[in-house]
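Dear colleague,

I am passing on the structure we spoke about, with the sequence alongside.

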Amino acid sequence: MAEKLSAVKGMNDIAPPVSAHWEWLEDKLRTLMQRYGYRNLRTPIVEPTALFIRGLGEVTDIVEKEMYSFEDRLNGEQLTLRPENTAGVVRAAVEHSLIYDGGKRLYYMGPMFRHERPQRGRYRQFHQFGAEALGFAGPDVDAELIVLACDLWAELGLEGIELEINSLGQPVERLAHRAALITYLESHADLLDEDAKRRLHSNPLRILDTKNPAMQAMVNGAPHLMDFLGAESLEHFNRLRALLDAQGVAYRINPRLVRGMDYYNLSVFEFVTTQLGSQGTVCAGGRYDGLFEQIGGKAAPAVGWALGMERILELLKEQGKLPAQPVPDAYAVVPDAAALPQVMKLLRELRRRGVNVQMHAGGAEGMGSMKSQFKKADGSGARFALIFGEQELAQGMVAVKPLRAPAEGQAPAAQTLQPLTDPAAWAAGLRSA
Ligand code: ATP
Ligand code: MG
């Protein structure tokens, strides 16, 4: 036998029955986005590397060490598997003038790639679902996006997801804070770990985000960005808070909440849970009014969030909220292969009428015994068996046998005979509600 090949480390196959959970989640997400008037945008998985260097900033974790970048062998172009999709969305919006006639509400979903150490809730190919509102400056859209996420948790039946918010102000305000922060951190140089020392002058704000327990007390005492915000930034933040309060959305102001990407300003937020170990952030976002210009477009305000699909599914599992597996409405039992031409025709007719039917597939030797076919029918979870026996077919009929009891302790209903020529009369009765 040839040597076995396996998937790339940190990249997962998603097979049944788990793929059904994904489809269920994707449907829930799409439905909710429609309710809020968001439309789907699909961008390529590969983008020019420059998009992320310019969009995310050279001193972010992603650009420094997590990107899958390569050179196109044919033309030497520098390309990267997208590590996130906000930069791609903005690139597309600029390239196609998507907001020439006003703001646009968009969503996307799909795989992202980051070269990280794989662990629970952290993979090298993972999936994000994101919502982006482009061209809107007011805190009302920030509030809408946050409320939307809260509605999503409720729709999924998830509990215990907490909201943290902060404001990063504007770049000039961050600059003043940065100077104060560096001075403070330098005065505690003995407490800084290697990572912090490296970031001290490149991206000191990220030091506040440290997970190193030895540095917690020290960063807790660091100057708060909030104290450096001007009146306008504070006003934006306070209006967001008022809107959240009015919707009864609970939140915690976390002055140490910063984002990994450089492009954020004003509102930033995260939804976190304590039930997923150290990978507890399930959804994160904020405002990025500077990004359009940064990647060569006309300035435009924007705000958005992205959630990690794997983490949401893990949390659903943790809380016992995953949906039941889909089952066919009916399973076709076909005693004799000679009946297949007629049977397949009828099954297609039933499917056109919205019935989910699984056909028994025989082997090289024929269809198999009735006993083994009924075993398969039962194992499929179908609510009905359709029996295409010789006798039934001779009468122009199919036997419809209920396989499940209407309630516990009761027997399944009796078998009926239905006319092959008139599926309209009985097909609807097979469909689940
Ligand atoms: P973290 O601090 O966990 O590394 P991040 O700040 O890098 O997160 P974002 O870039 O804001 O994450 O991505 C948004 C969401 O995507 C995260 O909140 C998380 O749910 C999910 N996510 C990010 N990286 C991964 C990954 N490697 N594997 C699985 N999910 C991820
Ligand atoms: Mg990360």
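Predicted model: local features only at pLDDT ≥ 70, side-chain atom pairs only at ≥ 80, totals over all residues.

**The eight-stranded sheet**

Eight strands make up an open sheet with mixed pairing, and their order is β1-β5-β6-β11-β10-β9-β7-β8. Its edges are formed by β1 and by β8 (252-253), each of which pairs on one side only. Within this sheet, β5 (residues 104-113) and β6 (residues 125-134) run antiparallel to each other and are paired over 10 bridges; tyrosine 107 has alanine 131 of β6 standing opposite.

Further along the order, β10 has an antiparallel partner in β9, with six bridges between the two, and valine 268 stands opposite glycine 286 of β10. β10 is also joined to β11 by five bridges, again in the antiparallel sense, and here cysteine 283 faces leucine 307 of β11 as the residue opposite. How much of β10 is buried? Six of the seven residues of β10 are buried, so that, under the cut-off of under 20% relative accessible area, the strand is mostly covered.

Helix α5 (residues 139-156) lies across several strands of this sheet, namely β5, β6, β7 (162-167), β9 (265-272), β10 (281-287) and β11 (302-308), and the helix runs at about 20° to β11.

**The five-stranded sheet**

A further open sheet has five strands in the order β13-β12-β14-β15-β16, and its pairing is mixed as well. The strands at its edges, pairing on one side only, are β13 (357-359) and β16 (416-419), and from one strand to the next the twist averages 30°. Strands β14 (residues 384-387) and β15 (residues 397-402) are antiparallel and share four bridges, with leucine 386 having valine 400 in β15 as its bridge partner.

Two helices can be described against this sheet. Helix α12 (residues 340-352) lies across β12 (330-333), β13 and β14, and its direction is at about 160° to β13. Helix α13 (residues 370-379) packs on the sheet through contacts with β12, β14 and β15, and its direction makes about 170° with that of β12.

**Salt bridges**

Side chains of opposite charge can pair when their charged atoms come close. Over the whole structure, a search finds 24 salt bridges, and I pick out a few of them below.

Arginine 122 and glutamate 116 form one, with their closest N and O atoms 2.8 Å apart. Are these two residues buried or exposed? Arginine 122 counts as buried because its relative accessibility is 19%, and glutamate 116 counts as buried because its value is 13%.

Aspartate 195 and arginine 198 meet in another salt bridge, at 2.7 Å from N to O. Both residues belong to helix α7 (residues 194-199), where they are three residues apart, or about one turn of the helix. Aspartate 195 is partly exposed, since its relative accessibility is 31%, and arginine 198 is likewise partly exposed, with a relative accessible area of 40%.

Arginine 404 forms a salt bridge with aspartate 378, the closest N and O atoms here being 3.6 Å apart. This pair links distant parts of the chain, 26 residues apart, with arginine 404 in the loop between β15 and β16 and aspartate 378 in helix α13. Arginine 404 counts as partly exposed because its relative accessibility is 33%, and aspartate 378 is partly exposed with a relative accessible area of 41%.

**A nonpolar patch on the surface**

Finally, Ile45, Val46 and Phe70 form a nonpolar surface patch, and together they have about 210 Å² of accessible area. Isoleucine 45 is located in the loop between β1 (39-40) and β2 (46-48), and counts as partly exposed because its relative accessibility is 34%.

With best regards

Definitions and conventions
Residues numbered from 1 in each chain as written. Chains lettered and ligands numbered in written order. Heavy atoms only, no water. Pairing = 2+ DSSP bridges. Axes fitted to C-alpha atoms, helices over the stretch in contact; angles between N-to-C directions. Contact = heavy atoms within 4.5 Å. Patch = residues over 30% accessible without salt bridge, like charges linked within 9 Å, V, L, I, M, F, W, Y side chains within 5 Å. Areas by Shrake-Rupley, 256 points an atom, 1.4 Å probe, with all protein chains shown as cover. Salt bridge = Lys/Arg side-chain N within 4 Å of Asp/Glu carboxyl O. Buried < 20%, exposed > 50% of the residue type's maximum accessible area, 1.4 Å probe, protein only.
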